[in-house]
Amino acid sequence: MDFGFCLSPSSHVKMDSVDLTTFNRLKETNPDINTCIACGSCTATCTAGNFTEMSFRRLLLMLQRGKEDEAKKMIQRCMLCGKCTLVCPRGINIRKILLDITR
Amino acid sequence: MKENILIIGGGAAGMEAATQLQKMGLTPIIVEKSEQLGGHVAQWDRLFPAFHPAKDVVEKMLNQVKDVKTYLNTEVTDIQRDDNGFHATLSNNEKIDAKAVILATGFDIFKAERKQEYGYGIYNNVMTSVELEKFFRTGHDARINNPKKIGFVHCVGARDVKVCNTYCSKVCCTTALKQACEIKEVFPDAEVYTFYMDLRMFGPGYEDLYLKTQKDFDVKCVRGRVCEVSEDMDGKLVIKAEDTLFGKPLKMTLDVLVLMCAMEKNKSIDAIQQKLGVANNTDGFMQNQDMYLGMNTTAQDGVFVAGACTAPKSLPDTIGEARSVATQVFNYINNK
Amino acid sequence: MIVEGKQKIWADYQKDIPDDHYFYVRSCIRQGFWPASEVTFLDIVRNKLGKDFYENAYHTTCGGIAYHSDSIPQETAMTIIARQFALMKESGYENYVCSCITSFGLYTETLETWHEFPELEAKIRQYLWDSCKKEFAKPKYLAHASDMIYKFRFDIAKQMKFPLVNVKTGKPLKVVEHIGCHYSKMFPSKGFGGAEYPHVLVGMVEAWGGEVVDYPERRQCCGFGFRQYFVQANRGYSESNTHKKFESMEPYEPDLIITNCPGCPYFLDRWQYVIAEQTGKTYGKDGYGIPALTYEEVAGLVMGYDPWDLGLQVHQVAIEPLLEKMGIPYDPKKKYQGLNGKDLGMPQCPMHIKSV
Amino acid sequence: MNSQIIFHPFVLPFVLGMAFVLTYCVVGLIRVIAQLPKDDRKKFWRSLVTPKTAWANIRDLFGDCLFHVKIWKRNPVLGYMHSAIAFGWFMIIVIGHIMLFTLKPLQGVEVEGMARTFTNFYYPIFYKFFATETPVFAFLMDFFLLMIISGILIAVVKKIHSKIVGVKRVTKFGFADNMIRFALWTIFPFRLIAEKTNIMAFWWLYSIDLLIFMCMLPFTRYMHIPTEALFILLRHAGIKPSDPRKGYALAQIYSCPSCGLCIDACPMSVNDKNSGNTSAYFMKKLRNGDKEEAQRIAETCMQCGKCVEVCPVSIESCDIKMSQRAAVPYEIHSDHSYLDVISTEAEKSSKVLYFAGCMTQLTPKIMRAMKKIMTAAGEEYQFLDENGGICCGRPMLLSGKTAEAQAMIEKNTELIKQSGTTKLVLSCPICYKVFKEEYHLEGIEIQHHTQYIDELVKSGKLKVNKNDVNYVYHDPCELGRAFGVYDEPREVLENVGNLCKAKSEKELSICCGGSLGSFNLTQKERDEITENSVNDLMFNNPDEIVTACPLCLKTFARKSPVKVKDIAEVVESQIIN
């Protein structure tokens, strides 16, 4: 029956059922991935971020919150220029992680 | 020059001040309301940032004050002042005359029950940081039963206008990360989450601890305050928070939730403090003369303050203040 | 769950309720949704408990619906409320009891606002005089009608015929309690038990032999929200809130839901039908739903009122399985009979949720 | 001696081995040529008959394969070792064959047809057993045999203690490589003993050694001996590797002698743990078909090009690594459609167009200096990416994503062409490389700012002071080794101060460690490389390190004991107004 409305899906990140396969795989080859302090330097300097919503800080969170598809979509914007890696205060090899996500 | 100096409180501040005053040739007298010296530090297992056993520090301090006249299980019930100094009456009816008084009464732990939404005292597996520390010390807590997921809530009773504490409690961030590492040491397979608003890693080695927490212990830091806790059918805790960096509400099930309780002013001294004429500051702690040059003196001549009775402080802060107050008292006595 | 912990909190959130002489105001919505509830309430307190409850024929809406849907400004709502209070004073009462949670919230909010901003109170005083030529007055006590039942819950228990117990198993019924958000979430100190672990309905359930279930989404709003419900396109949002609650309470297999708000029982009841139609899922046993009742209806049931006199046939979720569990006799033929004994006709049955 | 005998069973091992290796090589040759893309194959045939390339072929075949000129230049001892063995052996074979035709062969026995061919096959190899030679030939044969043995002696010393011959690290070999090496070492001593004593056992040993050597040859690094000849031909044909395992790359893989010269050259080798990431090992992994490891090494490489520079065989390992990168199926389906809407504020004019590049955005000092220099020189210019621009595409190319990089290249091309400029000045060598190689900007001169400043100074447009600061210049890999821009920056620096030398200069300069080329290196590993590079630059205690790349600048600044500046900054400070 059409009521003219329908159930809205929950907006909660359901941490109990998040699939962390990709993130854990990345963690094995890039242990530094854990050390992000969410300072946003990568996003601020991002050449693609100048024109798009590209943000590595968010992308990393997407992977940890079960939004892998969104993350992969976001990567498409990346130009792989490597400025993010250059500015990261924790020395995270961001460009490598970006490539590894797509592997 | 054998003047008595009355030190109210036998924690880190009181003991260290007594040690220094004794070395300066004065006669410190410690009045401690509990049955032992050492204050909160004696309840702690290890200290941040380097996981140093608290026992070591406390034992050294105890050793230094073993010749200091100490009253345990005793409170100051009355204090009067005249031209000859201070005259205190203790709960055991003894009377002490002193030339100066040091308030080293420290802090109380915020009563976690007051943040009702976290369900402390309601849900079995919600505990405080103090209780977790006790677990590390004794190896036993009925709530900790091989947990798989553990959460830490920062700023419980701090930076929260709803409980009338707007100040930052200074040490909880570092303590939370220290305890997160420690619980990972005990349960390496557990997932540990901390829910923080800001991570204030202000001291030497603290930022390294933060890095260690992330790198070596795989502790996951989520920026967002837990807003509510409930229990599911299995007695596990269901928590909700906003992942503010991700911009989405977050929900997860935990086995244990640890509340990082803030420091609050120790109110058991209020009556004596009032008699001495020492006011409180806007955070409810004791008001010192100013926060730069007069941090150990109060509006009342001869009444000194040291340690966490004026604001939340770390152990090194407190010891530094205790040493500084000793100098202040020494000069005060000499210039009289 | 540590019961002592809850009891401690309950002890901290108690409020004074005078023993007798109340000025009673009705709820716009409840009269439409659950017409028998207020009648039953008055019957219980007046005739069964012997209390003085006065109703003034000239009382109106509190303005809450219009206020919360941004149709009238706060001053207007406050003036309407001031008139209600003036009616109370004129009638010689000083204990104000309202049937509606929205009203209770708005009265509380208004009284607190006047307390904090006396200049606003002065302004309303003037408005009241200008518009109605009435003397401004404030009640000495403000209570919600569920507070009254809470207060007299043990007196009701004494007259109880059918406790909240499954007669077949002898076990207490599992009851979900759901308070209206505006009962204590805005002013925790104004509700029995506060906002986090409210006691007002829990007290009734426990006094009448039931067992309260505490489920993770207990705090969640039923989803009514005036702004959501009034716009058809937003109703899915309202429904989703209810859906979330039911998903969370389902594993506990509750026998019934007790509520104290006009909207909650309505939405917790009707959305079960919509969810069933949309998803095919029902939350009670054997394809039935979980009955969502007002506290007056529950009180009426335990005191032995006839289910059809309590108006339980207007619930979407079939009530009969609950009646059978409690061992309450009922005449199925009378379900759709009007007061005059005339057959009103049986409504069309829904596709998924079972009706008897 | 045994002049009547024309056959003895001991020749059989040799004949078998020779037949095998010849067959293998012919099949391999056909395979490589068949695997070449069509266009490359055409290029190859054409190059063989083009006089210029044909001459180069002959020159390099002799120079590289036999005389090892490149190794001589770098290390005479090793040069002698290689040419003694290769040239000596070659000469023994050649002289042997000459003897076959000039002397009266096979005295008293007439052999015709197939049998004759068969005997020709082994006769020169064992001639002393079958015939008596004239004194001149005897001397020549003994001379070259001793020459070979002298080379082998050096090889033995090198194996025992490589530092004596000036090599720090050598490639570590497996069982097969060690075994064939032992066979090679023993072939000639056995031959010498057999020839001088005529003991039958040594003739057997000599022949069996040859069998072992030739049978193992295709499966070990010694395959480089026959393959190098083919590689030289292919290289001169101007072919680039398109697949890391096929065709041209295959020829290169087998041409790598695993000599290990690139190990010492590689900047990563500063940490011994990383010496396994060098080109020698990369080629080895490719040869062994270890794709995973090859990929890892390819992605760890910084693409500084130094291994190519020092390679005695001129193996283009950087290019092969790039094709290896491209071979990995990353699911990075770039969507750069957002580039479409970007437009430039640059107006249409023929002014100089300055493109700082993204890395330079992180070093605003360079941009400021360039603006000041251009203004001081009275140049009219436009700044293309003052408010941020699009990546040049090189980093994307470095990940092997040619098509994805194309979107950026096209957009930048469009923006540059719109401006109508005739001269494009870049500050970043990373950009410079890709602009030079991948962009089609006909009619637009592309210069790195080192070249541009040099031009301004030389033309007198920019007047600079000379001070007495000692500068050392670091050659950015993508400017120096890639394009040979060595002199312009040095000339500029000599105009503004004193230029002192680094320990390793120009084509041997050491990568700063910041390279975008590597994906895998950790910050710590990069730091080690940087420290090593800085130490090299600090050899003559300069006052300041000068470079011409924003990435080098940022990288050095972390570790340098002295100030690190871009050449533009140095010039800026010396401008005479």
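**A strand pairing between chains**

Val13(A) has Leu250(B) as its bridge partner in strand E17(B). The model in which this pair occurs is a predicted one. The two residues belong to a pairing of strand E1 (residues 13-14) of chain A with strand E17 (residues 248-254) of chain B, which is parallel and comprises two bridges.

Strand E17(B) also pairs within its own chain. Strand E16 (residues 237-243) of chain B runs antiparallel to E17(B), and seven bridges join them. One of the bridged pairs is Asp243(B) with Lys248(B) in E17(B). The hairpin formed by E16(B) and E17(B) has four residues between its strands, and Gly247(B) there adopts a positive phi near 75 degrees.

Attention now turns to chain A as a whole. Chain A contains six helices and one strand, and from the N terminus its elements follow the order β-α-α-α-α-α-α. Its C-alpha trace spans about 55 × 30 × 25 Å along the principal axes. Of the 103 residues in chain A, 49% are buried. Among contacts in chain A with a separation of 6 or more, 65% are between residues 24 or more positions apart.

Which residues of helix H3(A) are buried? They are Phe56(A), Arg57(A), Arg58(A), Leu59(A), Leu60(A), Leu61(A), Met62(A), Leu63(A) and Gln64(A). Because nine of the nine residues of helix H3 (residues 56-64) of chain A are buried, this helix is largely enclosed by the rest of the structure. A residue counts as buried here if 20 or more other C-beta atoms lie within 10 Å of its own. The cover over the buried residues of H3(A) includes helix H1 (21-29), helix H2 (41-45), helix H4 (68-75), helix H5 (83-87) and helix H6 (94-101) of chain A. Just after H3(A) comes Gly66(A), with a positive phi of about 75 degrees.

Chain A also takes part in contacts with chains C and D. Towards chain C, eight residues of chain A are in contact with twelve residues of chain C. On the side of chain A that touches chain C, five residues are nonpolar, three are polar and none is charged. Towards chain D, the contact involves 22 residues from chain A and 23 residues from chain D. On the side of chain D that touches chain A, the elements giving two or more residues are helix H18 (358-361) and helix H20 (394-398) of chain D. That side of chain D has 13 nonpolar, seven polar and three charged residues. Four pairs of chains are in contact, and of these, chains A and D share the most contacts.

Other pairs of chains remain apart. Chain B does not touch chain D, and the nearest C-alpha atoms of the two are 14 Å apart. Chains C and D are likewise joined by no contact, with their closest C-alpha atoms 34 Å apart.

Within chain D, four strands form an open sheet in the order E2-E1-E3-E4, with parallel pairing. Strand E2 (381-383) and strand E4 (445-448) of chain D each have a single partner strand and stand at the edges, so one side of each is left without a neighbour in the sheet. On average, neighbouring strands of this sheet are turned by 25 degrees against each other, direction ignored. Strand E1 (residues 352-355) and strand E3 (residues 423-426) of chain D run parallel and are joined by three bridges. Among the residues in this pairing, Leu353(D) has Leu424(D) as its bridge partner in E3(D). Helix H22 (residues 429-438) of chain D lies across E1, E3 and E4 of chain D, and runs at about 155 degrees to E4(D).

Chain B, finally, is divided by its domain assignment into domain 1 (4-106 + 266-334) and domain 2 (112-263). The C-alpha centres of these two domains of chain B lie 31 Å apart. Where they meet, 13 residues of domain 1 are in contact with 18 residues of domain 2. The side of domain 1 that touches domain 2 has seven nonpolar, two polar and four charged residues.

Note on methods:
Residues are numbered from 1 along each chain as its sequence is written. Chains are lettered from A and ligands numbered from 1 in the order in which they are written. This is a predicted model: local features need pLDDT of at least 70, side-chain atom pairs count only at pLDDT 80 or more; totals for chains, interfaces and linings use all residues. A residue is buried if 20 or more other C-beta atoms lie within 10 Å of its own, exposed if 12 or fewer, and partly exposed in between; C-beta atoms are placed from the backbone. Two residues are in contact if their C-beta atoms, placed from the backbone, lie within 7 Å. Ala, Val, Leu, Ile, Met, Phe, Trp, Tyr, Cys and Pro count as nonpolar, Asp, Glu, Lys and Arg as charged, and the others, Gly among them, as polar. Two strands pair if DSSP finds at least two bridges between them. Axes are lines fitted to C-alpha atoms, for helices over the stretch in contact, and angles run from 0 to 180 degrees between N-to-C directions. Domain bounds come from an automatic or database domain assignment.
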